[in-house]
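Subject: Structure for your review

Dear colleague,

Please find below the structure that I am handing over to you. My notes on the contacts found in it follow directly after it.

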Amino acid sequence: MKKPNWNKSIDEVLFTKSEKTEMTSASGNQYVTEVIPAYDVVILGSATAKTDAANNVTGYVYEVYDPNHDLGGFTITTPNLIKFKGLKKVRFVRVRGGALSNKSEGWFKADKIELLK
């Protein structure tokens, strides 16, 4: 199984077509970034809650496997929780990410996660 390796853009990293999208940061600044509109993959195991310094839940982290590209060993964070056991086919909506100095596969975030049938 391959792990994601950051090159230039998210579509090169996840082998899925992306598009430029204007977004607004938490501080209110507008910026343009590459996003994958819909990323259909398999999630493994249960989500892990991500918390801030005050121990408030800020999102949920899912371990991901992309069977179309044999790509895994990375996580995607979303604001919503899907409860399940085992493996589940899902769609992450508006996936974006970037490189990190302390994690070779980088970071990934999506607007939401949806179950696929």
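A salt bridge is taken here as a side-chain nitrogen of Lys or Arg within 4 Å of a carboxyl oxygen of Asp or Glu. Please note that the model is a predicted one.

Salt bridges

Side chains of opposite charge can pair when their charged atoms come close. Under the rule above, the count is five salt bridges. One of them joins the side chains of K112 and E114, with an N to O distance of 3.1 Å. K112 has a relative accessibility of 37% and therefore counts as partly exposed. E114 is likewise partly exposed, at 28%.

Salt bridges with shared partners also connect R94, R96 and D111 into one network. D111 is placed in the loop between β6 and β7 (112-115), whereas R96 belongs to strand β5, so the contact ties together parts that are 15 residues apart in sequence. The two partners fall into separate classes of accessibility: D111 is partly exposed at 30%, while R96 is buried at 9%.

A further salt bridge is formed by the side chains of R91 and D40, at 2.6 Å from N to O. Since R91 lies in strand β5 and D40 in strand β2 (residues 30-51), this pair ties together parts that are 51 residues apart in sequence. R91 is partly exposed, with 27% relative accessibility, and D40 is partly exposed as well, with 33%.

Aromatic pairs

A pair of aromatic rings is described by the distance of the centres and the angle of the planes. How many aromatic pairs does the structure hold? There are two.

In the pair of Y62 and F92, the ring centres are 6.1 Å apart and the planes stand at 65°; an angle over 60 degrees counts as edge-to-face, so the pair is assigned to that class. Distant parts of the chain are linked by this pair, with Y62 in strand β3 (residues 57-66) and F92 in strand β5 (residues 87-98), 30 residues apart. Y62 is buried, its relative accessible area being 1%. F92 is also buried, at 0% relative accessibility.

For F74 and F108, the centres of the rings are 5.1 Å apart and the planes are at 55°, so this pair is tilted. F74 in strand β4 (residues 71-78) and F108 in strand β6 (residues 107-109) are 34 residues apart, and their pairing again links distant parts of the chain. Both residues are buried: F74 has a relative accessibility of 1%, and F108 has one of 3%.

Other positions

S9 is found in the segment before α1 (10-14). Its side chain is joined to that of D11 by a polar contact of 2.2 Å. Is S9 buried or exposed? With a relative accessibility of 18%, S9 counts as buried, because the class requires a value under 20%.

P67 occupies the loop between β3 and β4. P67 is partly exposed, with a relative accessible area of 44%. The C-alpha atoms of P67 and K20 are separated by 25 Å, and the two residues are 47 residues apart along the chain.

With kind regards

Methods:
Residues numbered from 1 in each chain as written. Predicted model: local features only at pLDDT ≥ 70, side-chain atom pairs only at ≥ 80, totals over all residues. Heavy atoms only, no water. Phe/Tyr/Trp six-rings, centres within 6.5 Å; stacked < 30°, edge-to-face > 60°. Helix = DSSP H or I, 4+ residues; strand = E, 2+ residues; numbered from the N terminus. Buried < 20%, exposed > 50% of the residue type's maximum accessible area, 1.4 Å probe, protein only. Polar contact = N/O pair within 3.5 Å; in protein donor to acceptor, adjacent residues only side chain to side chain.
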